[in-house]
Amino acid sequence: MHIGTDTNGDHTHDLGICPPSAATCTAQKMSLTPSEATEPPETPTPPALDIEATKEQVLRIYKEVWDEFRRWKVDDCRQQLLLLQRPLPPPGREDPWTDSAPRAGEPSVVEVSYLVSTDEDEDDDDDVPIDEALRHTCKTVTPWSEGVFTPHPRYEACTPSVQNIAARVGSAAHAEFYVAPFIPYVDDPKFDPSPWLMQFDRFAWEELGNPDVEVIQFETLRRLHFDTGLSLEDIDATDTLPLSRIGNRDGLIYQMTQRDELYWTGLMSDLTIGGDGAQPRRIDPRAFEPHIDDLRGRLESIVPYFCANPTCIQVFCPQHIQEFPPIPPAVPRVTSDEYPDGAPCGDACFREIDDDFPEDSVQWEEPDVDELSCILEIMPDTVPCGLAKLVRRPCREVFVQRQRLLPDEKIYPETRKPLTAAEKAGFVDVVHSAAELDVPSMPCSHTGPCDINNPDCSCAVYSAHCQHNCRCSLTCKRRWGGCQCKPKKPGSQKTCLTDTCRCRKRGSECDPMVCGCDVIKHSGNRKWQRGSKESRQLRPDGKHSCQNSDIQRGKAAELEVKRGAFGLGTFAVKSIPRGGFIGEYVGELEAASDDKREVLRKHLGLNYNFGLGADYNIDSARVGNETRYINHAPQAVANAEAATRLVFGEKRIALFAKSGRHIKAGEEIRFDYGEVYWNN
């Protein structure tokens, strides 16, 4: 990556944009920031590339940069060594560092001779005579004597986490090969790394590049791109340098952005172009990053990496590392005269439009129309008052443009038909106790309806309900409808306590997007509406009435880790009622078929692996919370139990106090690990 200087001489780390669609990209067409980027002008079709001639050109520039870098590095190393020198004391004068014998931990003096030439004209390959070498004095530290510190007992470090994260060690989830990142316990003579390494196809350390070579290759790429006018695609076609770009997160340019800049003469020479309006000559690593004003492009680029799970809501989620499918456009259902009544948002509100309003006077630029169109594909029935805030336009103008983009004659009311015989085949919308906990939890994403005749629908294939994260329509007949629990006794404010709750019987937590038991009410026409004050069923103290939402709300008990019956254990700080939620067992989430850590478990004699159905495991050996320290106890003695729960369609492991007893404050929490644990 190239670091330039601005007109004031200050270094800047901004990266210029080079439009990837241009066949050739000259320096004059570069812009400094994404906000200043412009569409490249149309250029004639370039002639066919002469691969051999271009390859010779690449090799010539490559050799020039290589030789230039080598000369600079030799000189730079010499200068760095000169900076380390310390003059010896004059003859007859004792060095103040040697006034007394050094004690343990204090610096002592060691005289070192460096072979450093003082003649700049001398050939670099000539040896420097030892008697002409500069003599320097360095400070060293004598190691502390044994017995001063008592070493800490051996322990395994664990990164604290409040949620599961995807295991990445050697995982082939997004790669063709299993790669060993390192050799664990390499300093332990009792550990044999051979069984561990035999599980992998490659070793990460085999692919480590030389950082100096990367600097040379990048400078070669920069000079070829700017000085000769070659496009990055033409340079890549010669197969001489590493690929410049591999998506937005790989390639030579991206790799150079992941390290600090190396300032050397080749980099700092001829930095700018354009005379008085000089601009740094830089290559943008974001090859496919859309323009800052391209809302549609920005949304399309971020959707594959944005996790919409209600417990995540973030980009590059540490738990859901797969790319997400695109979101299909929403179907408009509200015509221009069906918006709900409400107070005007201002003088320019669409509710104040009369017959004399000149709609023909509403003329927008094409980028503004495209921005509104993009928003309407996601939320077509939003009131124009809200849309006006998003597009920063008058409300009545937004109303007119919405009519043009979504004419009323093309908006049809939603119709709900009962399931056909084919749709009902293999699927009955009833609750079988925890039956869906054994089916894959990946959301479906496909075209066509979610029925047994569509083999692309994973939910239909496994006779399961569609979940909140599925890409099918919110009106999909296979979606889980939630519960509508109400307090049974007058004055009681608790709901969803027993299996009379559809969600609890199903083994899932209540979903505030669909359930009518708390906060959000699910209306009959399947539009999500915030419930009324009565439907929220809040207790007088403000707490939620639903008793089946502990995991998603993070209502874990206060726990403490200290010495227990078997090493470290987990203790309750406050008493936990019968059936009360203790906490969620979290760790690294990994497919059972990808598990490579059995060798490590046997070496340590420790197993923190918790099975999550038949397909996945949660391993808290390296990542976890206080629940990883809960010790085993036979079923008759245990005061806690584990259960699998569906939370927003995903399996989670929760720990509860046994229904037959409460856990006292200060009592150690223990549960039965089960026969599978001891058999393995």
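Is Lys574 buried or exposed? Hold that thought for a moment, everyone, and thanks for coming. One caution before we look around: this is a predicted model.

So, Lys574. With a relative accessible area of 56%, Lys574 is exposed, because the cut-off for that word is over 50%. Its side chain meets the side chain of Glu558 in a salt bridge, at 4.0 Å from N to O. That pair links distant parts of the chain, 16 residues apart. Glu558 sits in the loop between helix H15 (550-553) and strand E15 (559-563), while Lys574 sits in the loop between strand E16 (568-572) and strand E17 (581-584). Glu558 has a relative accessible area of 45%, so Glu558 counts as partly exposed.

How many salt bridges does a search of the whole structure find? The search gives 24. Let me show you some others.

Please turn to helix H3, residues 211-227. Here the side chains of Arg223 and Glu219 form a salt bridge, 2.7 Å from N to O. Both residues belong to H3 and are 4 residues apart, about one turn of the helix. And how covered are they? Arg223 is buried, at 14% relative accessible area, and Glu219 is buried too, at 1%.

While we are on H3, look at helix H1, residues 51-83. The two axes come within 9 Å and cross at roughly 130°, so H1 and H3 are oblique to each other. The crossing of H1 past H3 is right-handed.

Next, Arg296 and Glu377. Their closest N and O atoms are 2.9 Å apart, in another salt bridge. Arg296 is in helix H7 (residues 295-302) and Glu377 in helix H8 (residues 366-378), so this pair ties together parts that are 81 residues apart in sequence. Glu377 is partly exposed, with 33% relative accessible area.

Which residues are linked in a network of salt bridges? Those are Glu588, Asp595, Arg597, Glu598, Arg601 and Asp619.

Let me finish with something other than charges. On the surface there is a nonpolar patch made of Ile302, Tyr305, Phe306, Ile313, Val315 and Phe316. Together these residues have about 480 Å² of accessible area. One of them, Val315, lies in strand E12, residues 314-315. Val315 counts as partly exposed, at 33% relative accessibility.

That's my tour. Happy to go back to any of these views!

Conventions:
Residues are numbered from 1 along each chain as its sequence is written. This is a predicted model: local features need pLDDT of at least 70, side-chain atom pairs count only at pLDDT 80 or more; totals for chains, interfaces and linings use all residues. Side-chain values use heavy atoms; hydrogens and water are left out. Patches are made of residues with over 30% relative accessible area and no salt bridge: like charges are joined within 9 Å, nonpolar side chains (Val, Leu, Ile, Met, Phe, Trp, Tyr) within 5 Å. Accessible areas come from the Shrake-Rupley method with a 1.4 Å probe; for residues, only the protein chains shown count as cover. Helices (H or I, at least four residues) and strands (E, at least two) are DSSP runs, numbered from the N terminus. Buried means under 20% relative accessible area, exposed over 50%, partly exposed in between (1.4 Å probe, protein chains only). Axes are lines fitted to C-alpha atoms, for helices over the stretch in contact, and angles run from 0 to 180 degrees between N-to-C directions. Angles under 35 degrees count as roughly parallel, over 145 as roughly antiparallel, 65 to 115 as roughly perpendicular and the rest as oblique. A crossing is left-handed if the near helix is turned anticlockwise from the far one by less than a right angle, and right-handed if clockwise.
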